Amino acid sequence: MTEINKQQVLDAFHFRAACRNYDPERKIPQQDMDYILELARLSPSSVGSEPWKFIVLQNPKLREKIAPVSWGIKHPIQEASHLVIILAKKNARYDSEFLRNALVQRGLTPEQMDATIARYKSFQQDDIKILDSERALFDWCSKQTYIALGNMMTGAALIGIDSCPIEGFNYDEVNRILAEEGIFDANEYGVSCMVTFGYRNKDIKKKARKPVEQVIEWVK
Ligand SMILES: Cc1cc2nc3c(=O)[nH]c(=O)nc-3n(C[C@H](O)[C@H](O)[C@H](O)COP(=O)(O)O)c2cc1C
């Protein structure tokens, strides 16, 4: 493994900033984009559910279609080298085929499977309380996708690639447009968030952050 030190990581965190102006001439090499997507795939998720899909939307016509309802993308939509739409799984209930398959993949015995599903039931029902609405269940999966989002942006910053997370869009419209195009099955998945990648073509104003005392508390 290549040596990496704390200062390099901190430098990457200072370098990363919401990028709203990309150089339209500079495209991210395929191997760098593969590396960013691999960081998403390797990200942790609650109960190892991996409740996500990453759609790399490079088709200019489709980008154009979502642009009018994506007010949070501040630059012309074609300027971002890459645009990733992150989908979250719908209805990932403890007894769903989806979660069952995740357990099969881990090689659980039938007894272990029953015990794990019972544990997931009480977790989803009594502990984290997400079985009351489809929305709550979807948001639970959506939360997992934000871990992948963060990892992608950090990993990109470490190799000098800019990014911007995007929640500024009409969810119903983007879901409708992409599902109508056959990009995903709207019964199975919904859009969680987006993220653009590329190379800045303007300096970005220095980060404003709350002081340490306001956000970190040690309880000893
Ligand atoms: C989940 C999430 C959604 C965001 N959505 C948008 C967006 O739609 N458009 C945008 O320009 N910035 C968006 N941002 C960027 C934030 O405004 C930005 O991260 C914040 O102001 C802090 O600035 P920094 O990222 O440069 O440190 C989003 C950030 C996060 C974390």
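Strand 3, which spans residues 162-166, contributes the most to the shell around the ligand, with 3 residues. The model described here is predicted.

**The ligand and its surroundings**

In total, 14 residues surround the ligand, and the closest are A18, R20, G72, G168 and R209. Sorted by class, this shell holds 6 nonpolar, 2 polar and 6 charged residues.

| Residue | Protein atom | Ligand atom | Distance |
|---|---|---|---|
| P165 | backbone N or O | nitrogen | 3.2 Å |
| E167 | backbone N or O | nitrogen | 3.0 Å |
| K207 | polar side-chain atom | oxygen | 3.1 Å |

**The packing of helix 2 and helix 6**

Two packed helices are described by the angle between their axes and the distance between those axes. Helix 2 (residues 30-41) packs against helix 6 (residues 134-158) at an angle of about 145 degrees, and their axes are 8 Å apart. The crossing of these two helices is right-handed.

On the side of helix 2, the contact is made by Y35, I36, L37, L39 and A40. Helix 6 supplies A148, N151, M152, G155, A156 and L158. By class, the contact between helix 2 and helix 6 comprises 9 nonpolar and 2 polar residues, with no charged residues. The shell around the ligand, by contrast, includes 6 charged residues.

Note on methods. Residues are numbered from 1 along each chain as its sequence is written. This is a predicted model: local features need pLDDT of at least 70, side-chain atom pairs count only at pLDDT 80 or more; totals for chains, interfaces and linings use all residues. Side-chain values use heavy atoms; hydrogens and water are left out. Axes are lines fitted to C-alpha atoms, for helices over the stretch in contact, and angles run from 0 to 180 degrees between N-to-C directions. Helices (H or I, at least four residues) and strands (E, at least two) are DSSP runs, numbered from the N terminus. A crossing is left-handed if the near helix is turned anticlockwise from the far one by less than a right angle, and right-handed if clockwise. Contact means heavy atoms within 4.5 Å. Ala, Val, Leu, Ile, Met, Phe, Trp, Tyr, Cys and Pro count as nonpolar, Asp, Glu, Lys and Arg as charged, and the others, Gly among them, as polar. A residue is near a molecule or strand if one of its heavy atoms lies within 4 Å of it. A polar contact is a pair of N or O atoms within 3.5 Å; within protein, one must be able to donate a hydrogen and the other to accept it, and residues adjacent in sequence count only if both atoms are side-chain atoms.
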